[in-house]
Amino acid sequence: MLDLKKLVVALIYVIATIGSLSAQIQVIDIWNGKVPGAIQSDEFKQHVDTTKGWIDKHDITTPDLYFYPAPKEKANGTAVVICPGGGYAGLAIRHEGLLVAQWFNSFGVTAFVLTYRQPDDAIMKNKSIAPMQDGQRAMRIVRRHAKEWGINPDKIGIMGFSAGGHVASTISTHYNEKVYDPEDSTSARPDFSLLIYPVISMDSTITHWGSRVNLLGNNPTPEQVKHFSNELQVNAQTPPAFLVQSMDDNVVPVRNSIDYALALKNYKIPCELHVYQSGGHGYGMAPGGSTQSTWPEACRKWMEASGFLNRK
């Protein structure tokens, strides 16, 4: 039986140009072995195939934060919690997690990759809130340790790809929802969100069905659908957002990003939306390729213009 943490750390070593980052990585068990609402199940085994950088849902029973501190000479005090995608069935840990953390570090941003739990009735009393619990907990841990880790507590963002975008937009709109008993009053509110070809809505006309079924089951109530349709949960306190999606995305309809951006606009919340002609879905940092390959630089520029890259 292989250990998940050892395998993910081993994967880091094979990423080209990772350099000295691998020596700095810390792995944080966010619940310290006391996962809320957990059910023990023998169906979930710690066996991971990392040949394609994918973590199967059955490998995640104790969610972790993989901590990539920014190089001291570049650090600007900003941090981002990254939620890889995978349709709430697994995590695309390499191209939507580890490589993204490396990119953030290159311009002074501390990064955390969150291996959030994938919804499953076999190991959860309420699977619909498990990713939200992990996301809130991750945000509170980073903010609580901000001074210790050289982070500005007012410059902590959350990022999500695909279904990870649903986690990130859920934390951005449900950060005050009490889904577990926090040990103190530390806020789980992100200061900004970065949503890359995100699942936002559970509305049957625009959702990604795999994510919806995995999170809410085959027959969710109308109240559940509305509650987890994050474009409907935006309010005046929702953080600013940067969104990316392609017109030809045949996995997650582009309406997810558009509707969320319009909801932010209605509340006069700063938002930038990039809709590319092509690219499809799941391109991560989009090396090479068509115009969607410009999104990382556009994101960096947005963060800079928004004041998140100013030192401390």
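Start by selecting α4 (130-144), α5 (163-174) and α7 (222-227): they are among the elements that cover the buried residues of α6. Helices here are DSSP runs of H or I with at least four residues, strands are E runs of at least two, and both are numbered from the N terminus. Cover means contact, that is, heavy atoms within 4.5 Å.

Now pick α6 itself, residues 209-216, and show Ser 211, Arg 212, Leu 215 and Leu 216, which are buried. Buried is under 20% relative accessible area, exposed is over 50%, and partly exposed is in between (1.4 Å probe, protein chains only). Look down the axis of α6: the buried residues fall within an arc of 100°, so they line one face of the helix. That arc is taken from the directions from the helix axis to the C-beta atoms. Step just past α6 to Gly 217, with its positive phi of about 85°.

A word on the ground rules: this is a predicted model, where local features need pLDDT of at least 70 and side-chain atom pairs count only at pLDDT 80 or more, while totals for chains, interfaces and linings use all residues. Numbering runs from 1 along each chain as its sequence is written, and side-chain values use heavy atoms, leaving out hydrogens and water.

Next stop: Met 247, in the loop between β9 (241-246) and α8 (255-266). Buried or exposed? Met 247 counts as exposed, at 53% relative accessibility. Leaving aside residues up to four places away in sequence, Met 247 touches Val 254, Val 275, Tyr 276 and Gln 277. Finish by selecting Ser 278: its C-alpha is 6.0 Å from that of Met 247, although the two are 31 residues apart in sequence.
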